[in-house]
Amino acid sequence: MTDFSKNKNIQIFDHPLIQHKITRLRDKSTGTAEFRKLINEIAMLMGYEALRDLELEDIEVETPIEKCKSPKIKGKKQAIVPILRAGLGMTDGLLNLLPTAKVGHIGLYRDENTHKPHSYYCKLPNPIDKRIIIVTDPMLATGGSAIDAIKFIKERGGKKIKFMCIIAAPEGLKALSEAHPDVQIYVGHLDRELNEDAYICPGLGDAGDRIFGTK
Ligand code: PRP
Ligand code: URA
(Lines give C-alpha, C1' and ligand atoms only; values in the text may rest on other atoms or scores of the structure.)
(Ligands and ions follow the chains in the order given, each with its own letter.)
Protein backbone atom coordinates (compact mmCIF):
# COMPACT_ATOMS: atom_id res chain seq x y z
CA MET A 1 0.00 0.00 0.00
CA THR A 2 1.21 3.55 -0.71
CA ASP A 3 2.81 5.22 2.32
CA PHE A 4 0.74 8.41 2.61
CA SER A 5 2.61 9.63 5.70
CA LYS A 6 5.28 11.28 3.51
CA ASN A 7 2.71 13.47 1.72
CA LYS A 8 2.47 16.81 3.58
CA ASN A 9 -0.91 17.51 1.99
CA ILE A 10 -2.59 14.43 3.45
CA GLN A 11 -3.70 14.28 7.07
CA ILE A 12 -5.17 11.02 8.37
CA PHE A 13 -6.80 11.54 11.76
CA ASP A 14 -6.10 9.32 14.73
CA HIS A 15 -8.06 11.22 17.38
CA PRO A 16 -9.93 8.80 19.69
CA LEU A 17 -13.19 10.80 19.52
CA ILE A 18 -13.18 10.61 15.72
CA GLN A 19 -12.31 6.90 15.70
CA HIS A 20 -15.06 6.12 18.24
CA LYS A 21 -17.69 7.98 16.20
CA ILE A 22 -16.56 6.27 12.97
CA THR A 23 -17.08 2.89 14.65
CA ARG A 24 -20.68 3.92 15.45
CA LEU A 25 -21.12 4.98 11.79
CA ARG A 26 -19.89 1.62 10.49
CA ASP A 27 -22.37 -0.36 12.61
CA LYS A 28 -25.24 -1.40 10.34
CA SER A 29 -27.65 -1.17 13.27
CA THR A 30 -26.96 2.59 13.69
CA GLY A 31 -30.16 4.31 12.56
CA THR A 32 -30.62 7.40 10.39
CA ALA A 33 -30.96 9.98 13.17
CA GLU A 34 -27.78 8.89 14.98
CA PHE A 35 -25.93 8.48 11.67
CA ARG A 36 -26.71 12.09 10.65
CA LYS A 37 -25.68 13.41 14.05
CA LEU A 38 -22.38 11.50 13.96
CA ILE A 39 -21.51 12.69 10.44
CA ASN A 40 -21.96 16.31 11.53
CA GLU A 41 -20.01 15.80 14.77
CA ILE A 42 -17.10 14.19 12.93
CA ALA A 43 -17.10 16.98 10.33
CA MET A 44 -16.88 19.54 13.14
CA LEU A 45 -14.03 17.72 14.88
CA MET A 46 -12.12 17.34 11.62
CA GLY A 47 -12.87 20.95 10.68
CA TYR A 48 -11.34 22.20 13.93
CA GLU A 49 -7.99 20.78 12.81
CA ALA A 50 -8.36 21.40 9.07
CA LEU A 51 -8.94 25.12 9.74
CA ARG A 52 -5.81 25.50 11.84
CA ASP A 53 -4.21 27.62 9.09
CA LEU A 54 -6.98 30.27 8.94
CA GLU A 55 -5.40 33.71 8.88
CA LEU A 56 -5.89 35.99 11.88
CA GLU A 57 -5.73 39.76 12.30
CA ASP A 58 -5.53 41.73 15.53
CA ILE A 59 -8.44 43.98 16.43
CA GLU A 60 -8.91 46.22 19.41
CA VAL A 61 -11.44 45.08 22.05
CA GLU A 62 -12.39 46.59 25.35
CA THR A 63 -12.60 44.04 28.16
CA PRO A 64 -14.24 44.96 31.48
CA ILE A 65 -10.66 45.67 32.65
CA GLU A 66 -8.90 47.47 29.78
CA LYS A 67 -8.46 47.82 26.03
CA CYS A 68 -6.31 45.23 24.27
CA LYS A 69 -5.44 43.85 20.87
CA SER A 70 -6.84 40.39 20.27
CA PRO A 71 -6.97 38.17 17.14
CA LYS A 72 -10.02 37.51 14.97
CA ILE A 73 -10.34 35.46 11.78
CA LYS A 74 -9.37 37.66 8.85
CA GLY A 75 -12.20 38.27 6.38
CA LYS A 76 -15.21 36.06 5.78
CA LYS A 77 -13.70 34.29 2.85
CA GLN A 78 -14.61 30.64 3.16
CA ALA A 79 -16.83 28.38 1.10
CA ILE A 80 -18.11 24.94 2.01
CA VAL A 81 -18.87 22.82 -1.04
CA PRO A 82 -20.63 19.50 -0.34
CA ILE A 83 -20.68 16.87 -3.07
CA LEU A 84 -24.36 15.83 -3.31
CA ARG A 85 -25.83 13.98 -1.77
CA ALA A 86 -23.73 12.61 1.08
CA GLY A 87 -21.43 15.64 1.44
CA LEU A 88 -24.49 17.63 2.57
CA GLY A 89 -24.45 15.62 5.79
CA MET A 90 -21.17 17.31 6.81
CA THR A 91 -22.22 20.90 6.04
CA ASP A 92 -23.90 21.84 9.33
CA GLY A 93 -20.96 20.52 11.34
CA LEU A 94 -18.64 22.89 9.46
CA LEU A 95 -21.11 25.78 9.55
CA ASN A 96 -20.99 25.52 13.36
CA LEU A 97 -17.32 26.53 13.03
CA LEU A 98 -17.73 28.98 10.12
CA PRO A 99 -21.26 30.39 10.39
CA THR A 100 -20.67 33.07 7.73
CA ALA A 101 -19.20 30.72 5.09
CA LYS A 102 -20.91 30.61 1.72
CA VAL A 103 -22.16 27.19 0.61
CA GLY A 104 -21.84 25.85 -2.95
CA HIS A 105 -23.20 22.53 -4.23
CA ILE A 106 -21.86 20.01 -6.71
CA GLY A 107 -24.21 17.22 -7.79
CA LEU A 108 -22.53 13.96 -8.85
CA TYR A 109 -23.64 10.35 -8.80
CA ARG A 110 -21.65 7.22 -9.61
CA ASP A 111 -22.83 4.98 -12.41
CA GLU A 112 -23.54 1.60 -10.78
CA ASN A 113 -21.77 -0.35 -13.53
CA THR A 114 -18.84 1.82 -14.60
CA HIS A 115 -18.39 3.47 -11.14
CA LYS A 116 -17.63 6.70 -13.02
CA PRO A 117 -19.15 9.96 -11.72
CA HIS A 118 -21.91 11.78 -13.64
CA SER A 119 -22.41 15.46 -13.04
CA TYR A 120 -25.92 16.93 -12.69
CA TYR A 121 -25.49 20.22 -10.79
CA CYS A 122 -22.90 22.86 -9.98
CA LYS A 123 -23.61 26.13 -8.21
CA LEU A 124 -20.71 27.87 -6.48
CA PRO A 125 -20.25 31.23 -4.76
CA ASN A 126 -19.10 33.74 -7.36
CA PRO A 127 -16.34 34.92 -7.30
CA ILE A 128 -14.63 31.99 -5.62
CA ASP A 129 -10.96 32.65 -6.40
CA LYS A 130 -10.07 34.30 -3.05
CA ARG A 131 -12.01 31.93 -0.81
CA ILE A 132 -10.72 29.00 1.19
CA ILE A 133 -12.87 26.18 -0.18
CA ILE A 134 -13.69 23.08 1.85
CA VAL A 135 -15.10 20.29 -0.30
CA THR A 136 -16.95 17.64 1.72
CA ASP A 137 -17.90 14.04 1.00
CA PRO A 138 -17.91 11.32 3.66
CA MET A 139 -16.66 8.68 1.19
CA LEU A 140 -13.55 8.69 -1.04
CA ALA A 141 -13.79 5.38 -2.93
CA THR A 142 -12.28 5.37 -6.44
CA GLY A 143 -11.71 9.11 -6.08
CA GLY A 144 -13.58 9.88 -9.32
CA SER A 145 -16.25 12.10 -7.70
CA ALA A 146 -13.78 14.16 -5.65
CA ILE A 147 -11.42 14.55 -8.62
CA ASP A 148 -14.23 15.85 -10.87
CA ALA A 149 -15.71 18.11 -8.18
CA ILE A 150 -12.34 19.77 -7.58
CA LYS A 151 -11.82 20.08 -11.35
CA PHE A 152 -15.14 21.99 -11.64
CA ILE A 153 -14.10 24.29 -8.79
CA LYS A 154 -10.71 25.00 -10.37
CA GLU A 155 -12.37 25.67 -13.76
CA ARG A 156 -14.43 28.38 -11.99
CA GLY A 157 -11.34 29.96 -10.43
CA GLY A 158 -11.04 28.12 -7.08
CA LYS A 159 -7.45 27.96 -5.82
CA LYS A 160 -7.20 27.32 -2.09
CA ILE A 161 -8.97 23.97 -1.83
CA LYS A 162 -9.26 21.49 1.02
CA PHE A 163 -11.03 18.14 0.69
CA MET A 164 -12.50 16.45 3.75
CA CYS A 165 -13.75 12.85 3.85
CA ILE A 166 -14.59 10.56 6.75
CA ILE A 167 -13.54 7.23 5.19
CA ALA A 168 -11.11 6.78 2.30
CA ALA A 169 -9.93 3.77 0.31
CA PRO A 170 -6.20 3.72 -0.51
CA GLU A 171 -7.08 3.62 -4.24
CA GLY A 172 -9.09 6.85 -4.04
CA LEU A 173 -6.61 8.66 -1.82
CA LYS A 174 -3.80 7.87 -4.24
CA ALA A 175 -5.84 8.92 -7.28
CA LEU A 176 -7.01 12.20 -5.69
CA SER A 177 -3.59 13.20 -4.37
CA GLU A 178 -2.04 12.53 -7.80
CA ALA A 179 -4.78 14.34 -9.76
CA HIS A 180 -4.76 17.41 -7.45
CA PRO A 181 -1.40 17.52 -5.64
CA ASP A 182 -2.06 21.11 -4.49
CA VAL A 183 -5.21 20.17 -2.51
CA GLN A 184 -5.01 19.49 1.23
CA ILE A 185 -6.78 16.23 2.01
CA TYR A 186 -8.21 15.34 5.43
CA VAL A 187 -9.23 11.74 6.11
CA GLY A 188 -11.05 10.45 9.20
CA HIS A 189 -9.93 6.85 8.62
CA LEU A 190 -8.04 5.04 5.86
CA ASP A 191 -9.77 1.73 5.15
CA ARG A 192 -8.39 -1.47 3.58
CA GLU A 193 -9.53 -1.57 -0.06
CA LEU A 194 -12.36 -1.36 -2.58
CA ASN A 195 -14.44 -4.40 -3.46
CA GLU A 196 -15.50 -5.35 -7.02
CA ASP A 197 -18.48 -2.96 -6.78
CA ALA A 198 -16.09 -0.13 -5.81
CA TYR A 199 -17.47 -0.02 -2.26
CA ILE A 200 -15.04 0.70 0.55
CA CYS A 201 -14.17 -2.30 2.80
CA PRO A 202 -14.97 -2.42 5.66
CA GLY A 203 -16.54 1.03 5.05
CA LEU A 204 -20.03 1.90 6.18
CA GLY A 205 -22.12 1.05 3.13
CA ASP A 206 -23.81 3.73 1.03
CA ALA A 207 -23.34 7.00 2.89
CA GLY A 208 -26.08 8.88 0.98
CA ASP A 209 -28.66 6.17 1.66
CA ARG A 210 -27.74 6.01 5.34
CA ILE A 211 -27.90 9.81 5.80
CA PHE A 212 -31.17 10.28 3.94
CA GLY A 213 -32.87 6.97 4.81
CA THR A 214 -33.19 5.88 1.15
CA LYS A 215 -32.34 2.59 -0.47
C1 PRP B 1 -20.95 8.30 -3.15
C2 PRP B 1 -20.16 9.16 -2.19
C3 PRP B 1 -19.20 9.86 -3.09
C4 PRP B 1 -18.91 8.82 -4.13
C5 PRP B 1 -17.58 8.21 -3.82
O6 PRP B 1 -21.91 9.05 -3.78
O7 PRP B 1 -20.95 10.04 -1.43
O8 PRP B 1 -19.73 11.04 -3.71
O9 PRP B 1 -19.95 7.82 -4.03
O10 PRP B 1 -17.21 7.32 -4.80
P11 PRP B 1 -15.98 7.56 -5.78
O12 PRP B 1 -14.85 8.03 -4.94
O13 PRP B 1 -15.76 6.20 -6.37
O14 PRP B 1 -16.40 8.57 -6.82
P15 PRP B 1 -22.98 8.41 -4.82
O16 PRP B 1 -22.42 8.47 -6.19
O17 PRP B 1 -23.43 7.09 -4.31
O18 PRP B 1 -24.16 9.45 -4.79
P19 PRP B 1 -25.15 9.87 -3.60
O20 PRP B 1 -24.32 10.62 -2.57
O21 PRP B 1 -26.13 10.74 -4.29
O22 PRP B 1 -25.75 8.62 -3.04
N1 URA C 1 -19.97 5.48 -1.94
C2 URA C 1 -20.45 5.13 -0.72
O3 URA C 1 -21.40 5.75 -0.21
N4 URA C 1 -19.86 4.10 -0.09
C5 URA C 1 -18.83 3.43 -0.60
O6 URA C 1 -18.33 2.49 0.04
C7 URA C 1 -18.35 3.80 -1.87
C8 URA C 1 -18.93 4.84 -2.51
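This is a predicted model: local features need pLDDT of at least 70, side-chain atom pairs count only at pLDDT 80 or more; totals for chains, interfaces and linings use all residues.
Local features need pLDDT of at least 70 and side-chain atom pairs count only at pLDDT 80 or more, while totals for chains, interfaces and linings use all residues. Residues are numbered from 1 along each chain as its sequence is written, chains are lettered from A and ligands numbered from 1 in the order written, and side-chain values use heavy atoms, leaving out hydrogens and water.

Start with ligand 1. There are 15 residues around ligand 1, and R110, D137, T142, G143 and S145 come nearest (near: a heavy atom within 4 Å). Polar contacts here are pairs of N or O atoms within 3.5 Å. A polar side-chain atom of D137 sits 2.4 Å from a ligand oxygen, an N or O atom in the side chain of S145 is 2.6 Å from one, and for a polar backbone atom of G143 the distance is 2.8 Å. Taken alone, ligand 1 exposes 500 Å², and the protein buries 90% of that (Shrake-Rupley areas, 1.4 Å probe).

Y120 belongs to strand 7, residues 117-123, and counts as partly exposed because its relative accessibility is 45% (between 20% and 50%).

T30, in the loop between helix 1 (16-26) and helix 2 (32-50), is at 5% relative accessibility and so counts as buried (under 20%). A polar atom of the T30 side chain lies 2.6 Å from the backbone oxygen of R24.

How values were computed. Helices (H or I, at least four residues) and strands (E, at least two) are DSSP runs, numbered from the N terminus. Buried means under 20% relative accessible area, exposed over 50%, partly exposed in between (1.4 Å probe, protein chains only). A polar contact is a pair of N or O atoms within 3.5 Å; within protein, one must be able to donate a hydrogen and the other to accept it, and residues adjacent in sequence count only if both atoms are side-chain atoms.
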